[in-house]
Amino acid sequence: MGAFVISKRFDDYYKFVFTSRKGKAIFTSFRYELKFECEEGIEYFKNAIDSVVFEKEKSSGGKYFFKIILENTHFATSRKYNTELLLEKGINEIKNYTHKAEILDFTLNEVVFPD
C-alpha cells in the first residue's frame, strides 16, 4: 500500500510525496504555506483520483515523467523514470493504491526509529 508523506521543505513550506508500496517516491506535490492546506491537498487528490489526467512527457535528458493534472490545473509532478514501462507502473500504483494510502506526518522532525 502506498503512503502520502508530509514533510517540511528547506524553505519552511510543506509538501507531500506519494510513495509506492516499496517506499519509492512516485510524485511530489507543490509547496503549501500551511500544514492543513497540505492535508487538504491530499484529501482533495484522494477524492478526485477518478478525474486525474496523467500527462506523460520526456525530459531533455531522455528520462520519462508525468504531470498530474486535476481540473485543468497542474497539481504535481512525478519523479524521473528510465523507461516508459516504469512510468506506467508508477501511474498504475497511484490509480490502484491512492484510495487506501495512509498519511504519514514527518513535519515535527522527531526521531521515528530511536536507538
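Me: Before we start on this predicted model, what does "buried" mean here?
Reply: A residue is called buried when its relative accessible area is under 20%. The structure is a predicted model.

Me: Is Gly90 buried or exposed, then?
Reply: Gly90 has a relative accessible area of 4%, so it counts as buried.

Me: Where does Gly90 sit?
Reply: Gly90 belongs to helix α2.

Me: Which residues does Gly90 touch, not counting those up to four places away in sequence?
Reply: Gly90 touches Ile26 and Tyr81 on that count.

Me: How far apart are Gly90 and Leu34 in space?
Reply: From C-alpha to C-alpha they are 28 Å apart, and 56 residues separate Gly90 from Leu34 in sequence.

Me: Moving to the largest pocket, which residues line it?
Reply: Gly90 is one of the lining residues, and so are its contacts Ile26 and Tyr81.

Me: How many of the lining residues are nonpolar, polar and charged?
Reply: The lining has six charged residues, four nonpolar ones and two polar ones.

Me: And how much space lies in the pocket?
Reply: The largest pocket holds about 280 Å³ of space.

Me: Let us change topic to the largest nonpolar core. Which residues touch the most other members?
Reply: Those are Phe16, Phe27, Phe45, Phe66, Ile68 and Ile94, in a core of 26 residues.

Me: Which elements give two or more residues to this core?
Reply: The strands are β1 (3-8), β2 (14-19), β3 (25-29), β5 (64-70) and β6 (73-78), and the helices are α1 (35-47) and α2 (84-97). The largest share comes from β5, which gives four residues.

Me: What is Ile94 in contact with, leaving aside its neighbours within four places in sequence?
Reply: Ile94 is in contact with Phe18, Phe27, Phe45, Phe54 and Phe66, and also with Ile26, Ile49 and Ile68.

Me: Is Ser7 buried or exposed?
Reply: Ser7 is buried, because its relative accessibility is 16% and the cut-off for buried is under 20%.

Me: Which residues does Ser7 touch, again without those up to four places away in sequence?
Reply: Ser7 touches Tyr13, Tyr14 and Lys15, together with Phe106 and Thr107.

Key: Residues are numbered from 1 along each chain as its sequence is written. This is a predicted model: local features need pLDDT of at least 70, side-chain atom pairs count only at pLDDT 80 or more; totals for chains, interfaces and linings use all residues. Side-chain values use heavy atoms; hydrogens and water are left out. A nonpolar core is a set of buried Ala, Val, Leu, Ile, Met, Phe, Trp, Tyr and Cys residues joined through side-chain atoms within 4.5 Å. Buried means under 20% relative accessible area, exposed over 50%, partly exposed in between (1.4 Å probe, protein chains only). Contact means heavy atoms within 4.5 Å. On a 1 Å grid over the protein atoms alone, a cavity is a set of points where a 1.4 Å probe fits but cannot get out, and a pocket is an open set with protein on both sides within 12 Å along at least five of seven lines; lining residues have an atom within 4 Å of a point. Grid points are joined across faces, edges and corners, and a volume is the space filled by probe spheres set on the points. Ala, Val, Leu, Ile, Met, Phe, Trp, Tyr, Cys and Pro count as nonpolar, Asp, Glu, Lys and Arg as charged, and the others, Gly among them, as polar.
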